[in-house]
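Please keep the sequence and the three-dimensional view at hand while reading.

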Amino acid sequence: MSPTVLRLYSADGLHELACPADACIEIGSVPECEIMLEGATILPRHCVLRRMGETRFRIQRVTPEARFTVNGVYGPDLEAETPFRFGIGAEEITFSLVVDSEEVDEEANAVVQQEDVPAHEDQSGARVNRRDYLLQPTTLRPRAGERVGEVVLDNDVGARGLPHSKIEMVPLSEAKPEALKAGAEESSSKLVFAGLLVCGLMVGGIFYWQQFLDGMPPSSASAAVATSRKLEARELSSEELIEVAADLRQAGMSMLATHVLMPQAEEGNIKAMHELGLAFLQSGEFAGEAIFLLRGAAEGGSREALADLVEAVENPLNMDRYKAEAFQHLDFAVKLGETNAWMPLGERFEQGHGVGKDLELALAAYEMARAAGERRAAPKLAARQEALECVAGFVRSWNEVSVATLLDHVSSRPQRYFTQEKPAMEALLRAEEQMRALWPLRRISVIDGAKAKLSSFEHIEVTQPFQFELQRGGRIARGTGLFTCEVEREEGGWRVVSARDEIAIKVLLPAGDQFTSAESLRDLKPAFSVAEQVEETRLEILEKMRGLEETQDFKPALTLILNAAMTFPQEEFWRPFADKLSDRMSREFFAQGRWLDAALSAPVHQLAELGSVSAMLLEGHLLMAGYGYTRDEKRGVAMYEKAFEVGKRRDARFYYAEALFQGRGATQDFEKAGALVLSFMTRSKHPLEAYLAAHLLWRKAEADPALWQQVYDTLSRVAEKHPPAKHLAGMVLLNHGNTTRERKTGFAALKAAAEAGVPEAMKNLSKCYLDGSGCEKDAHQAMLWKQKAAVTEPPRRRHYTEFVEQE
């Protein structure tokens, strides 16, 4: 029959909890936990019990701060077979599994009916089983004044403020038959003799005993007295008394056991000293005396006492567990062959508790512990090898093309990274990218001779020899190096927190003067000529310019171009890159309607000062809009004019002429704007140029109607690509068309522009519906388009380079 009920024995009594297969039970101090405990050392969610098999449980901590023991063993992840002892704070709980309650009751009733042991009867005639005093589980510590069978114990467990389970208490009188059955199996004739003998010697002369006898039926009282006298007349041997005391201790009556064992222990009886030490430990008040007795028994040759000595030293209640005396006990135990002492001995060497800190001795102790089957030793012993593998993997990663895996090897907060002290991650990545750019072909491998020096099992210094071959074009460098680093154990594994290296160059081809002298691999660089430097910089800029459309990250490329311009002021290779990048940033500015990064304004101004026409225009746009600089339209127009004078470019001509036509930042000057535009843009297929030229021609056509055809021709070339131009073309046909067909064509163009989102076209379309110009009158449509024009935002301004010029 598979057990389905988890039974808990604690200082508060007996508890039960449903526990099917694969059950997961959480222990903590919050009501959401299946088992709720109270106490300063109990975390809200302390640990989890998982049922792994028929009687096997796995106990895991939920948070790193959680502490607990299983059968006296500390650990974050432990497994045990039921029944097992679970220690948490100052409390100890015994867990066991039983079958379903109804089935247990049937079995227990059958056991009780078959019980045929003599017992006295009370006045009502009800029989009291002689095993009633064993109903308390053997691992349970009774509370002060609690009655166990017919003996009242003076125990102060309840006064120590132990945590209490939230599961409802089960009184001893209502305990499940398993407890009765367990108590019955543990009883023996010696335990009965010992119990009666102790009661006769210690309580027989007390008035309470007389009162108790007075309340019993005469036949029962006389029988008890007769039995007591018989036992008093019988003398037990030392071995029998020790066995009786052991049974008393296992039944939870440790204080009674100490009275029986004390005389024997004082006489030097090894077994009595062992049992007395265990009784003191079970009482919870005599840790120091208990260890003294167990040490004495172990020195007397008791192997069992030796194992119990180690457990007592490691007991959480032992306030001296980290002192020198505790270390001496553990050292004594391992010298006598107690394998369970190796793990705590290694921990003392590791932490320096009670002995000088010595990690090598700690490792030796952990090796012995692992050989003895201690699972907790494996992570300690693996630390050195894991650190070596981490460093070797980092060195091999220098061959990778990408730096994407760098954080798999290096801490996000390194103290030192080669020549950089506490570098930001951006600087660290940049250094790795630079090495890969300088040496496209790299063959770097680790060689034998790696060493690890432990500062702790969480911080290790590693030295790793390596060999390398770096190649760039015809340049080849070969040599060896020694990589020295410190690694720490972090949440994701071991990471490098400090790194440096030294190299010894063996071969430099074709000649040594084509390389810079270096002591570190990352300082080894080709000695470029000016032409090579220019080409190298050009290729680097080209690489940075790729993917700008997707990433929109202009800063790296802008910084690189500006550095190239300042490094090579006499060269022109950087100018096309500067103009292309500035135009790309201008398009983004026009599309977003705002400047995304004010920090980019300064390098843009520097490029403008160095003569980049597109940078001048971008600075003019920013000044006109007031982004990145204080708004200053006059300076903005001046930048347009400067760009036109320096480059004579069409886009610079357009922006300068547009500013003059609109009168923004300068006095409105149609004549000067016309001189810049009409002779160059009237036949242009660029939408912005044709649109501006049409506006200037419109003014002339108002005085000379013969020019309306030229206005329409200029607009019609770009109307399909630019809705505002289609709007003006439609208005020309509506107002100056000679036929009904032309006016209808104009109305259709006007409606298309309105549907494309041009507010001015919507207003004129509403007026057409209202007046019936080019269409039938429709007051409803007129109202709809008027309302739509009122709520429609003007279309965003398009940048000159957004259109592909077709001529």
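In this predicted model, Lys271 and Glu239 form a salt bridge, and their closest N and O atoms are 3.7 Å apart. Lys271 belongs to helix α8 (residues 270-283) and Glu239 to helix α6 (residues 238-250), so the pair ties together parts that are 32 residues apart in sequence. Lys271 is partly exposed, with a relative accessible area of 39%, and Glu239 is partly exposed at 40%. As a general principle, side chains of opposite charge can pair when their charged atoms come close.

Glu350 and Lys380 meet through their side chains in a salt bridge of 3.2 Å, N to O. This pair links distant parts of the chain, with Glu350 in helix α12 (residues 342-351) and Lys380 in helix α14 (residues 377-396), 30 residues apart. Glu350 counts as buried because its relative accessibility is 9% and buried means under 20%, whereas Lys380 is partly exposed at 22%. In the salt bridge between Glu314 and Arg321, the closest N and O atoms are 3.5 Å apart. Glu314 is buried at 12% relative accessibility, and Arg321 is buried at 9%. Across the whole structure, a search finds 45 salt bridges.

Arg436 lies in helix α15 (residues 425-438) and counts as buried at 11% relative accessibility. Its side chain reaches the backbone oxygen of Ser397 at 3.1 Å. Beyond its neighbours within four places in sequence, Arg436 is in contact with several residues, including Trp398, Glu400 and Arg442.

Among the buried residues of α18 are Leu558, Ile561 and Leu562. The buried residues of this helix pack against α16 (530-545), α19 (574-592) and α20 (601-609).

Strands deserve attention as well. An open sheet of 5 strands has the order β4-β3-β5-β6-β9, with mixed pairing. β4 (35-36) and β9 (77-81) stand at the edges, each with a single partner strand, so one side of each is left without a neighbour in the sheet. Within the sheet, β5 (residues 47-51) and β6 (residues 56-61) run antiparallel and are joined by 5 bridges.

Finally, the chain as a whole may be considered. Its secondary structure comes to 30 helices and 20 strands, and buried residues make up 46% of its 807 residues.

Terms used
Residues numbered from 1 in each chain as written. Predicted model: local features only at pLDDT ≥ 70, side-chain atom pairs only at ≥ 80, totals over all residues. Heavy atoms only, no water. Buried < 20%, exposed > 50% of the residue type's maximum accessible area, 1.4 Å probe, protein only. Helix = DSSP H or I, 4+ residues; strand = E, 2+ residues; numbered from the N terminus. Contact = heavy atoms within 4.5 Å. Polar contact = N/O pair within 3.5 Å; in protein donor to acceptor, adjacent residues only side chain to side chain. Pairing = 2+ DSSP bridges. Salt bridge = Lys/Arg side-chain N within 4 Å of Asp/Glu carboxyl O.
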